[in-house]
Amino acid sequence: MTSVPLSARPARECKPLFGWLFALAVVAVIGVYIRAIYFTPLEALQGAAQKIFYLHLPAWLAAYIGVGITALMSIVYLWLHDERADRLAEASAEVALIFLTVGLTTGPLWGHAIWGTWWAWWDLRLTLTLFLWFVVAAYLILRGAAEDPAMRARYSAVLGILGALLIPFIHLSVYFSDARLHPMPVVLKPSAPSLPPEMLTTLLLAFGAFTLLCFALIRARYLLGERRDALAELEMERDL
Amino acid sequence: MTEARLPGTFETAWLVARKDLAIEFRTRTAFLSALVFSVLALCIFYFTWDESIVTAADRAPGVLWVVLAFSSLLGLQRSFGVEEQDRGIDALLVSPISRESIYLGKAIGNLIFLAAIQVVVIPALALFYNLRLGQPMAIVSGIVLLAVIGIVAVGTLFSAMAVNTRMAELLLPLLSLPFFVPILMDAAQATTRVLAGRPVSESWPWLKLLIAFDLVFVVACTLAFPFTLEE
């Protein structure tokens with residue numbers, strides 16, 4: 001086989017990283033915040049501090065979507081050894097870390113206003129998510145430290161699955177220490193949601209907008225991973 | 001012609017563990033350094049609180065678990081580090097034993113290594129922090145054993161992974177410590193109650209969780225280990 005010089009090959013078609021999905025997500029997020037700030041009533045007891053929930057709760061949702069996809073794709077990778085699953089797991093973990101960070105920063109801001117303290121170790125969800133942040137960070141650092149792509153994929157898949165097993169243990173360990181500071185559920189509970197309808201609509205719209213944003217970012221990061229791998233392949237060919 | 005009987009998983013695991021312990025027994029470097037580190041840390045922690053504010057007996061459980069978590073990393077680091085020199089791991093991989101028994105052997109070796117350190121550290125803790133010997137200390141030793149099983153289960157796996165990466169020494173604590181968190185939370189809660197003279201039944205929820213952790217992660221890590229080796 002005669003090798004074609006790299007410069008003579010037709011350029012590969014590249015999808016733009018931030019396509020229509022990202023544009024849609026940005027428009028949706030802006031729309032939700034205009035509604036949350038100007039067209040949603042103030043909460044009687046918490047005042048303006050309550051508005052942070054339109055950022056805090058959707059960020060958690062997006063983070064858990066990301067973490068869930070990473071755990072799922074880790075299993076798929078060990079099963080099928082498909083590099084696309086590995087790439088998707090990586091993209092989701094990175095996006096999850098961003099949303100976890102948003103959640104962990106907005107939480108204390110609200111906590112300081114309402115609980116009167118920035119941080120509460122005995123609070124179940126707060127502690128759990130902090131350690132989830134550490135596991136996701138370790139996952140990404142491990143990926144950066146492993147040189148061989150196949151090894152990196154296997155190692156991170158193993159960590160992804162073990163991380164998923166770890167979560168219930170941290171959850172129960174904090175649960176047994178029994179004091180709980182987090183507000184009780186207002187939307188997902190057996191009886192009807194106890195939130196006024198305007199607030200509920202805003203919150204649900206925010207969930208929708210952040211889900212879109214989460215998927216748009218994962219897609220962009222996935223496409224970036226695809227390009228990175230293609231580039232590595234070309235560089236290897238050149239060096240041979 | 002009689003066919004040679006292949007030894008079972010646990011028999012070969014014991015051979016691997018014995019090999020590791022023999023290396024350790026002849027060199028003694030990791031054991032002595034982990035031991036001195038632990039006792040040194042016990043002494044340092046004594047001076048980081050004011051005796052008139054928190055009494056020694058009150059901080060003993062916390063000190064025990066912090067020292068145990070960090071000293072165990074020293075032993076775990078060595079577990080696969082020793083195979084990396086001269087590619088000893090390749091010899092293990094070509095030998096006719098299952099991947100699972102390599103993991104179990106390594107884990108048993110680490111378990112004995114860490115338990116041997118605690119045999120010195122627990123009496124030293126009792127000595128430096130003025131704890132009463134007797135039944136509470138015996139129960140604490142049992143809790144330590146349960147915790148060490150969990151630590152070794154995840155630590156051995158991560159040691160195998162970390163050794164093949166660029167920053168092995170830094171990566172092992174980064175990977176392991178989040179997994180030590182539930183172990184340390186449960187064990188510290190139980191130890192505090194036992195040392196305060198409360199009945200064991202009060203610590204039972206945490207001990208059950210600790211046992212569940214051990215079971216889940218010994219099984220999960222044994223199954224995951226073959227994926228961490230080169231194919």
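**Reading a two-chain predicted model**

Modeller: Start with one side chain: that of B:Ser72 reaches the backbone oxygen of B:Ala69 at 2.7 Å. A polar contact is a pair of N or O atoms within 3.5 Å; within protein, one must be able to donate a hydrogen and the other to accept it, and residues adjacent in sequence count only if both atoms are side-chain atoms. This is a predicted model, in which local features need pLDDT of at least 70 and side-chain atom pairs count only at pLDDT 80 or more, while totals for chains, interfaces and linings use all residues. Residues are numbered from 1 along each chain as its sequence is written, chains are lettered from A and ligands numbered from 1 in the order in which they are written, and side-chain values use heavy atoms, with hydrogens and water left out.

Biologist: Is B:Ser72 buried or exposed?

Modeller: Buried means under 20% relative accessible area, exposed over 50%, and partly exposed in between (1.4 Å probe, protein chains only). B:Ser72 counts as buried because its relative accessibility is 1%. B:Ser72 sits in helix α3 of chain B, residues 56-84; helices (H or I, at least four residues) and strands (E, at least two) are DSSP runs, numbered from the N terminus.

Biologist: Which residues does B:Ser72 touch?

Modeller: Contact means heavy atoms within 4.5 Å. Leaving out residues up to four places away in sequence, B:Ser72 touches B:Leu114, B:Ile151 and B:Phe180.

Biologist: What is the area buried between chain A and chain B?

Modeller: The size of an interface is often given as the accessible area lost when the parts come together. Buried area is that loss (1.4 Å probe), summed over both parts. Here it is about 2700 Å², with carbon and sulfur atoms giving 80%. A:Tyr155, A:Leu162 and A:Phe169 supply 24% of the area that chain A buries against chain B, more than any other three residues. The contact takes 29 residues from chain A and 33 residues from chain B.

Biologist: How many salt bridges does the rule find across the interface of chain A and chain B?

Modeller: A salt bridge is a side-chain nitrogen of Lys or Arg within 4 Å of a carboxyl oxygen of Asp or Glu. The rule finds one across this interface: A:Glu147 with B:Arg166, whose closest N and O atoms are 2.9 Å apart. Seven residue pairs are in polar contact across the interface, both residues at pLDDT 80 or more. On the side of chain A that touches chain B, α5(A) gives the most, with 15 residues.

Definitions and conventions: Buried area is the accessible area (1.4 Å probe) that two parts lose on being put together, summed over both.
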